[in-house]
Amino acid sequence: WTNAAREIQTAVNVASPGDTVLVTNGVYASGSYAMPTHIVSNRVVITTSIVVRSVNGPAVTAIRGRAAGESVERRCVYITGGGQLSGFTLTNGSARGGAVWQDGLGGGALIEVSGVISNCIVCSNSATYGGGIAAYYGGEIRNCFVHGNSGGFGSWFYGGGLYGSQGAAAYDSVFSNNTCEVGGGVSFEGGCRVVRCLMVNNQAVSGGGLSLKTDYADNCLIVSN
């Protein structure tokens, strides 16, 4: 590790499709990267089919959207192009609006175009839609714990823990103590799937644990929402 990059993005930028970037223990809270036309920046941006994986898991490896004392809007991670992120805590990210609609999506993570987040803890993030995570166009989450995130209040905002559309999916994950107007735990619309998930102690005006439109749910347990 002596010659390793000090920011995750530095290693991501030199990785080729199919590569794996290994990340050692620590709290990663530096660097700020925005997509073209977006205002809200990200700690890490993954745009190709690489895997970014922690060595020892989310208990000791975190990506922090906003450093202590910061009030800027900054998401933890943006993933597209089949990229994957595994084994991190994503915390203190915020995405509450900007130049384009994506600027209000996913405080912890915004996943698009077949991106995947797995084996992660997503906690204490906020956004207009999808306080913890927002997923579109085949974005997936697997084996994640999504806790204590919040969607925007004051209008009909969706998805305290997870908001998804256009073929997004969630598998084998737990959503707890998230809040939003609609779908405190999960809010899906547009052909999404939620499978073998637990929603517990989430809060919303409508659909405390789970809000679905034209979507599919299988083997899910909803408790005390």
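## Exercises: pocket, rings and sheet

Strand β1 gives the largest share of the lining of the largest pocket, three residues. This is a predicted model, where local features need pLDDT of at least 70, side-chain atom pairs count only at pLDDT 80 or more, and totals for chains, interfaces and linings use all residues. Residues are numbered from 1 along each chain as its sequence is written, and side-chain values use heavy atoms, with hydrogens and water left out.

**Exercise 1.** Describe the lining of the largest pocket.

*Solution.* 
- Start with the term: a pocket is an open set of points on a 1 Å grid where a 1.4 Å probe fits, with protein on both sides within 12 Å along at least five of seven lines. Lining residues have an atom within 4 Å of a point.
- The volume is about 180 Å³, taken as the space filled by probe spheres set on the points.
- The lining includes Trp1, Arg6, Glu7, Val23 and Tyr28.
- Helices (H or I, at least four residues) and strands (E, at least two) are DSSP runs, numbered from the N terminus.
- Sort by class: nine nonpolar, one polar and two charged residues. Ala, Val, Leu, Ile, Met, Phe, Trp, Tyr, Cys and Pro count as nonpolar, Asp, Glu, Lys and Arg as charged, and the others as polar.

**Exercise 2.** Find what the pair Tyr129 and Tyr163 ties together.

*Solution.* 
- Rings of Phe, Tyr and Trp (its six-membered ring) pair if their centres lie within 6.5 Å; planes under 30 degrees apart are stacked, over 60 edge-to-face, the rest tilted.
- The whole structure has seven aromatic pairs.
- The centres of the Tyr129 and Tyr163 rings are 5.6 Å apart and their planes stand at 50°, so the pair is tilted.
- Tyr129 sits in the loop between β13 (126-127) and β14 (133-135), Tyr163 in strand β18 (residues 162-165), so the pair ties together parts 34 residues apart in sequence.
- Check exposure (buried is under 20% relative accessible area, exposed over 50%, partly exposed in between; 1.4 Å probe, protein chains only). Tyr129 is partly exposed at 25%; Tyr163 is buried at 5%.
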